[in-house]
Amino acid sequence: MTELELKTGITDSECEFWDDYYTKAAFEPGMNLLKYGVKPGLARNTLLLNELDKDVIEYLRVQAKASNRSQTAVINDIVREKLAVGI
């Protein structure tokens, strides 16, 4: 056994396999926002879409576009309205 095999418990060929795998395979640390139509650099203005229903996302998108505001601003207005009513 080589010194590496003694330290790690895996062979040189296994080390090479995992090195190639992690070097060449794409790694996505979180959800891929491009799949949801979020352009690079605009993620901070976009909600975490995986936590909302599809209908809610579409409603927010339409309202934000119609009023030239962000989705977050639309949500803030809805919540403030509910708070004012006392819900």
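Select Tyr21 to begin: with a relative accessible area of 42%, Tyr21 is partly exposed, a class that lies between buried (under 20% relative accessible area) and exposed (over 50%), computed with a 1.4 Å probe and protein chains only. The model on screen is predicted, so local features need pLDDT of at least 70 and side-chain atom pairs count only at pLDDT 80 or more, whereas totals for chains, interfaces and linings use all residues. Residues are numbered from 1 along each chain as its sequence is written, and side-chain values use heavy atoms, with hydrogens and water left out.

**The aromatic group**

Next select Phe17 and Trp18, and look at the ring geometry. Rings of Phe, Tyr and Trp (for Trp, the six-membered ring) are paired if their centres lie within 6.5 Å, and a pair is called stacked when the planes are under 30 degrees apart, edge-to-face when they are over 60, and tilted otherwise. The number of aromatic pairs found by this rule is five. In one of them, the ring centres of Phe17 and Trp18 are 4.9 Å apart with the planes at 75°, so this pair is edge-to-face. Tyr21 and Tyr22 also form an edge-to-face pair, with 5.0 Å from centre to centre and 85° between the planes. With Phe17, Trp18, Tyr21 and Tyr22 shown together, you have a cluster that is linked by ring pairs.

**The charged pairs**

Side chains of opposite charge can pair when their charged atoms come close. The structure contains three salt bridges, each defined by a side-chain nitrogen of Lys or Arg within 4 Å of a carboxyl oxygen of Asp or Glu.

Select Glu58 and Arg61, whose closest N and O atoms are 2.6 Å apart in a salt bridge. Both residues belong to helix H3 (residues 54-67), where they are three residues apart, about one turn of the helix. Arg61 is partly exposed at 39% relative accessibility, and Glu58 is partly exposed at 39%.

Move on to Asp77, which forms a salt bridge with Arg69, with 2.0 Å between the closest N and O atoms. Asp77 is partly exposed at 34%, and Arg69 is partly exposed at 36%.

Arg80 and Asp77 are three residues apart in helix H4 (residues 71-85), so about one helical turn separates them. Arg80 is exposed, with a relative accessible area of 54%. Keep Arg69, Asp77 and Arg80 selected together to see the network of salt bridges that links them.

How values were computed:
Helices (H or I, at least four residues) and strands (E, at least two) are DSSP runs, numbered from the N terminus.
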